[in-house]
Amino acid sequence: MAHELSHYFLHKHMIGDGISDNVLYRSRLSDSCEAEANRLASDILMPVNKIKEIKSDLEVNRMADAVSLLATRFQVSEDAMRIRLGMK
């Protein structure tokens, strides 16, 4: 949902009256729009300052443990958390 809201905030000028097939979905422009929406959704769901704050409070021996705990805390996938932490 955060990803789709990000599209609205960032790309509402590109949204028409509904969903229809167009060139945007099949072009490289779509890739850049998707990346922008992913970044904003990440900022919304996993604010860097909150991750650092919680991570410093956690007692973990391995980064894998931190990924799992942070993903659970922020209710995101472990893959999303790895990307956010710059591990992917």
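Which residues of α4 are buried? They are Ala 66, Val 67, Leu 70, Ala 71 and Phe 74, where buried means under 20% relative accessible area, exposed over 50% and partly exposed in between (1.4 Å probe, protein chains only). This is a predicted model, in which local features need pLDDT of at least 70 and side-chain atom pairs count only at pLDDT 80 or more, while totals for chains, interfaces and linings use all residues. Residues are numbered from 1 along each chain as its sequence is written, and side-chain values use heavy atoms, with hydrogens and water left out.

**Overall make-up**

- The protein chain has five helices and zero strands; helices (H or I, at least four residues) and strands (E, at least two) are DSSP runs, numbered from the N terminus.
- From the N terminus on, the order of elements is α-α-α-α-α.
- Of the 88 residues in the protein chain, 24% count as buried.
- The accessible surface of the protein chain is about 6,600 Å², and carbon and sulfur atoms hold 53% of this surface; the areas come from the Shrake-Rupley method with a 1.4 Å probe, and for residues only the protein chains shown count as cover.
- Among contacts in the protein chain with a separation of 6 or more, 51% are between residues 24 or more positions apart; contact means heavy atoms within 4.5 Å.

**Helix α4**

- Helix α4 covers residues 63-74, twelve residues, and reaches 16 Å from its first C-alpha to its last, close to the 16 Å expected at 1.5 Å a residue. The expected span is 1.5 Å times one less than the number of residues.
- The buried residues of α4 are within an arc of 125° when seen down the helix axis, so they line one face of the helix. The arc is that of the directions from the helix axis to the C-beta atoms.
- Thr 72 and Arg 73, on the other side of α4, are exposed.

**Nonpolar core**

- The largest nonpolar core has ten residues in all: Met 46, Ile 51, Ile 54, Leu 58, Val 67, Leu 70, Ala 71, Phe 74, Val 76 and Met 81. Such a core is a set of buried Ala, Val, Leu, Ile, Met, Phe, Trp, Tyr and Cys residues joined through side-chain atoms within 4.5 Å.
- Two or more residues of this core come from each of α3 (48-57) and α4, and α4 gives the most, with four residues.
- Ala 71 is in contact with Val 76, Ser 77, Glu 78 and Met 81, leaving aside its neighbours within four places in sequence.

**Salt bridges**

- The structure holds four salt bridges, each a side-chain nitrogen of Lys or Arg within 4 Å of a carboxyl oxygen of Asp or Glu.
- One of them joins the side chains of Arg 84 and Asp 43 (2.8 Å, N to O). This pair links distant parts of the chain, with Arg 84 in helix α5 (residues 78-84) and Asp 43 in helix α2 (residues 28-45), 41 residues apart.
- Arg 84 is partly exposed at 22% relative accessible area, and Asp 43 is partly exposed at 41%.
- Glu 78 forms a salt bridge with Arg 82, with the closest N and O atoms 3.2 Å apart. Both residues lie in helix α5, four residues apart, about one turn of the helix.
- Asp 79 also meets Arg 82 in a salt bridge (3.0 Å, N to O).
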